[in-house]
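Please read them with the structure open.

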Amino acid sequence: MSSRGTAAGDRGTAVVIGGGLAGCLAAWALHGVAERVVVLERDRYPDGADFRPGVPQAKHGHLLLEAGQRTIDELLPGALAELLASGATRVPLSGGLRWLTSAGWLAPYDGDLAVLTCSRPLIDQVVLDRVRAAPNVEFRTGTEAVGLLGDRHTVTGVQVNRRGRRGEETAEIPAELVVDAAGRATHAAKWLSVLGAPAVPRDRVDAGVSYATRFYHRPADAPADSALYLQSHAPEQGRFGVLLPVEGDRWIVGMGGMRGFEPSIQPEEFEKQLGLLRDPCIAETVAGAKPTGPARGFVPGPSVWRHYERSATHGFLALGDASCTFNPVYGQGMTVAALAARALRDAVHKHGDLGHAAVRETRDAIAGVTRNPWQMAAGEDVRFAGTTGGPSGLQVRVQQRMLDRVLARAVTDARVAAAFHQVAAMVEPPTLLFRPSVLGPVLFGG
C-alpha cells in the first residue's frame with residue numbers, strides 16, 4: 001500500500017462529513033473503491049421519511065431536475081422507481097408544469113422531460129436506506145467534525161466529538177480522503193486555514209431571498225401530476241410562488257421573495273400574499289383546500305461558490321452545498337450534488353484509489369458541473385436592486401439580454417420552449433440556445 005500523500009494514493013479510509021443527500025451520494029460514490037467509508041452526521045436519523053433539525057430547508061419545496069433524476073438512478077439503480085412507488089411524482093415540463101416566466105407562460109410542446117416532486121425527507125430516506133446497506137459504509141450519528149488533521153499541503157483525517165459533549169476529549173479518524181458534505185453550515189475553509197492552507201477563493205451573491213411554505217391536503221379531484229411555478233419579474237416584482245404535488249395526497253405551496261419582497265408566515269398574510277403574485281392561479285387553486293399545518297419560514301442566506309478547484313490541499317474535497325450554495329428558487333442544488341457525486345465515483349474508479357489524481361480530477365469536474373448553473377442563477381439574481389455581490393459588466397448584460405429574447409420567443413414557439421426546458425433541466429448546456437434551430441427563431445422569428 002502506498003504512503004499517504006503519494007501520487008498513487010490508497011484504497012483505505014474515506015470520511016464524509018455530513019449524512020444528508022450530498023453526503024450519502026458521496027459515500028456511495030466512494031464505497032466501491034475505499035476499503036472503509038465513515039459518514040459523520042450531527043443528527044440522529046428519524047424513523048422513516050421525516051424532518052430533522054439538520055435540514056431546515058426540508059420543510060420547503062424541493063424538486064429533482066431531469067438531469068438529477070437520471071444521475072441518481074444511474075448511481076443507485078432503481079432509486080427512481082422506489083421514489084415513485086413511495087408517492088413521488090414526475091411532473092412533465094410540458095403539459096404538467098405550468099411555468100409563468102418573466103415573459104409569460106411557456107408554449108406547450110411534446111416532450112418527455114419532467115421534474116420529480118416529493119418532500120425532501122422522502123428523497124433523503126430512499127438514498128439513505130440504499131447507502132446504509134453497503135457493508136463498508138459506517139454511519140456515526142450524533143457525531144460532529146470539529147477540525148481536520150494534516151498540514152497545509154495534505155489533509156490526513158478528521159477530529160470529531162460526540163455532539164453536545166465538547167468538554168470530552170476529541171477523537172481522531174485518520175483518512176486517505178475527507179469529503180466535506182456538511183452543507184451551508186460548513187466550517188471546512190476555517191479548518192483548512194488552521195492547518196496553514198491558503199484561503200479558499202469564493203464568489204458570493206446575496207439576493208436576500210426568503211421563503212414561506214405551507215402544506216395543503218390535495219382534493220381528490222385535483223390532478224396529481226400538475227404543478228405551478230410563478231417566476232419573479234425583475235426588478236419590479238420580486239415575489240415568486242410554486243405549487244407542487246407531494247406524497248400523501250398533498251400540495252406543498254411555497255412563496256418567496258427577494259430582498260424587499262419578504263413573504264409572511266402569518267396565516268392571513270400568507271393567503272393574501274399568494275394573491276399578490278403575478279397570476280392568481282395558485283391562490284385560486286388552494287382556495288378551500290385544507291392546510292395540514294402552519295406556514296413555515298426559511299432564510300437560506302447568500303449563494304456562495306467555494307473554488308476548491310483552485311486549492312492545492314491534497315486529501316480533501318467538497319461537494320453539495322459545502323462546495324456551492326445556490327439560490328433555491330432555481331431548483332439546482334440537489335441535481336448539482338448528484339452530478340458531483342457521479343464525478344467523484346468516475347474519478348476514483350478510473351484511478352482505482354483515493355489519491356491525488358482522483359481528487360484533482362473530481363475537483364475540476366465539480367467546478368465544471370457548477371459553472372453553468374451558477375452563471376445562470378447569479379445572472380438572474382443581480383437583476384434585483386437589493387442584490388449584493390454577483391457578476392457585472394458586459395458579459396452578464398449580454399447573458400440577460402439573450403435570456404430575455406429566448407423567453408419572449410418561448411412563449412409562442414414550441415421549439416424554443418423545448419430548448420429552454422432542456423437547458424433548465426440541465427440535460428443540455430446553455431450553448432444549445434445558440435444553435436441555429438433555436439437562435440434563428442429567437443433573433444429573427446419565423
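The points below cover a sheet, the nonpolar cores and a helix pair.

1. Basis. This is a predicted model, in which local features need pLDDT of at least 70, side-chain atom pairs count only at pLDDT 80 or more, and totals for chains, interfaces and linings use all residues. Numbering starts from 1 along each chain as its sequence is written, and side-chain values use heavy atoms, without hydrogens and water.

2. Sheet. Three strands form an open sheet in the order E3-E7-E4, with antiparallel pairing. (Strands are DSSP runs of E, at least two residues, and helices of H or I, at least four, numbered from the N terminus; two strands pair if DSSP finds at least two bridges between them.) E3 (63-64) and E4 (89-92) are the edge strands; each has a single partner, so one side of each lacks a neighbour in the sheet. E3 pairs with E7 (residues 114-117) over two bridges. Leu 63 sits opposite Thr 117.

3. Cores. The largest nonpolar core has 52 residues; among those touching the most other members are Leu 97, Trp 374 and Phe 420. Helix H11 (residues 414-424) gives the most, six residues. A second, separate core of 51 residues includes Leu 30 and Leu 116. (A core joins buried Ala, Val, Leu, Ile, Met, Phe, Trp, Tyr and Cys through side-chain atoms within 4.5 Å; buried means under 20% relative accessible area, with a 1.4 Å probe and protein chains only.)

4. Helix pair. The axes of H10 (residues 394-410) and H12 (residues 436-444), lines fitted to C-alpha atoms over the stretch in contact, come within 9 Å and cross at roughly 90°. The two helices are therefore roughly perpendicular (65 to 115 degrees).

Notes: Buried < 20%, exposed > 50% of the residue type's maximum accessible area, 1.4 Å probe, protein only. Axes fitted to C-alpha atoms, helices over the stretch in contact; angles between N-to-C directions. Parallel < 35°, antiparallel > 145°, perpendicular 65-115°, else oblique.
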